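Please read them with the coordinates open.

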Amino acid sequence: MRIEIAGENSLIIYFADKASAEVSAYVQQAASILQDVLANDIIDMVPSYASLLVIYDALSTDSFTVQSKIKHNLANLAVDIAATGKIVTLPVYYSPESGADLENLAKNAQLTVAEVIEIHQQCHYRVYAIGFAPGFAYLGEVDRRIAAPRLASPRLNVPRGAVAIADQQTAVYPAASPGGWNLIGLCPQRMFDPLKEPCMPVQVGDKVRFKAISRAEFLSLGGEL
Amino acid sequence: MSASSFNKATMYPANPGFKVTKSGLLSLVQDLGRYGCHNIGLTTGGPLDPYAFKWANRLLANELNASAIEISIGGLALEALVDTRICITGAEIEFTINGINQPQWQSLAVTAGDNINFGFVSSGVRSYLAVRDGFDIEPTFGSTSTVVREGLGGVNGTKLLDGQFLPCANFEGNDSHLKLATIPEYKTDICLRVILGYQHHAFTALQKRRFFSSVYRVSEHCDRMGYRLTGPEIKPAVDGILSEGICLGAIQVPANGQPIVLMNDRQTIGGYPKLGSVLSADLAKLAQCAQGATIRFEQISIEDAHNILHLDKVAFAAMNSVKIEAICLQPQ
């Protein structure tokens, strides 16, 4: 564990140089401990792949105090990877109609479309980070066989619900936005709804599995093509 | 048009407050920002110049977090539909009530039917318009701050649009006035104090010396997300990093070596190396700079930064006690 100053009222804790499920579990555990220990001195926190940004109230405490509390309370961090987070199943209508890059990705991977769909559903993905846009959850890790680099030229408009792959990460676009990931399907479930409580079906540390649904099921769940 | 297709914001509300007759270039409802929501990817928002924003509220005896309007560049026009008091602070801007020029940094009475027209800024970039007791806007995720990219805050998550209503209560009360000596001057040649941090080890001593001894300019790409600067290239020893949390004022250095200072509407996580962060008090000065302004950087320690924050807080509070009641506005 290494602590660096980030700004006038923030510190960043690095847990490792590389992302892994174990490191992610440490980040989660640390965030939950610090929330209790620093309580009202915390303004906000940003958990990510292998780091935790801690933003504190510099008028109620100071960098030195926060650093020593972090060191003291995170000294003996122990995690049980299997125990963290809930499992959320997201339905996906995989097809060339709903995933513009599906056929191309399969071709480049020397697989059939059906194989790509099968492989994408096989694993439980961990929510490593949420950012980029409200509710955008970075999920990993995608099987190397279907990992694909970002598009050379990003699309100006990726639809809401688009299920996509970039390298060994996958995600569901929470809202229509520009984007350079490879689109393989559409998920009818809203990933971010400001009017709902909770506003997101997942949080960092949860696991996601995808389940293929038919066109008819997609439409009956409120999906739009 | 059916009744259900009416936009909620354009229906005539019970306490109509003000009507936006001309929205201007970029006018946004803001409070002091949205906190505690980084874990779902929401940024902070809030006024780019919190000092001017807070003064607009203080001169009306409001809570400092009361919802007000950040006017970038200008062009806004409102019609008052209530009797209340308003106060305009921040960037120097010509504005009139019913065609008569009015002063900034003081509370002014408006009456239902008055037309408030803003010209364009003559010094600085962001002006603030506060109203007594704040605009009555429903908070989203604990804040009324508008972040256009996220579609959150303000009236329906957008910048102000022609025809929208900005509800607020009726009010009649006393005047107050800030001493002219304390009105900030908005400069186009500024020094930003920087606390080294994040990947600063990845920048050699030579790179750091170049950064702290060079003059940068504000490029045309400067907005509420970030200010891109142009000047001597600085190159870190690493290209990219594992995406991590970005704090306010972080100085990000992409592959082209041109620094970007990240502002209130920044993305919450990103993967470019960062040299450190600009002191918040100086971000307010940067936000008042337009394209072409010249920027220098000066290194300070975290202890210096904390001292400055405490002193600023005391100075802001102390200004209250020297107030204002001693000043009597006389026609000249």
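Predicted model: local features only at pLDDT ≥ 70, side-chain atom pairs only at ≥ 80, totals over all residues.

1. Local features need pLDDT of at least 70. Side-chain atom pairs count only at pLDDT 80 or more.

2. The contact between chains. Chain A puts 36 residues into the contact, and chain B puts in 33 residues. On the chain A side, five strands each supply at least two residues: β1 (2-7), β2 (10-14), β3 (42-47), β4 (51-56) and β6 (125-130). β3(A) gives the most, with 5 residues.

3. Make-up of that side. Where chain A touches chain B, 24 residues are nonpolar. A further 8 are polar and 4 are charged.

4. Where the domains of chain A meet. Here 8 residues of domain 1 are in contact with 6 residues of domain 2. Helix α1 (residues 21-38) of chain A provides the largest share of the domain 1 side, 4 residues. By class, that domain 1 side has 5 nonpolar and 3 polar residues, with no charged residues.

5. The core. The largest nonpolar core has 156 residues. Which residues have the most contacts inside it? They are A:Val54, B:Ala56 and B:Ala130.

6. A closer look at B:Ala130. Leaving aside residues up to four places away in sequence, B:Ala130 touches B:Ala56, B:Asn57, B:Leu60, B:Asn62, B:Ala66, B:Ala68, B:Ile86 and B:Cys87. One of these, B:Ala56, is also among the core residues with the most contacts.

Methods
Residues numbered from 1 in each chain as written. Chains lettered and ligands numbered in written order. Contact = placed C-beta atoms within 7 Å. Nonpolar A, V, L, I, M, F, W, Y, C, P; charged D, E, K, R; others polar. Core = buried A, V, L, I, M, F, W, Y, C linked by C-beta atoms within 7 Å. Buried ≥ 20, exposed ≤ 12 C-beta atoms within 10 Å, placed from the backbone.
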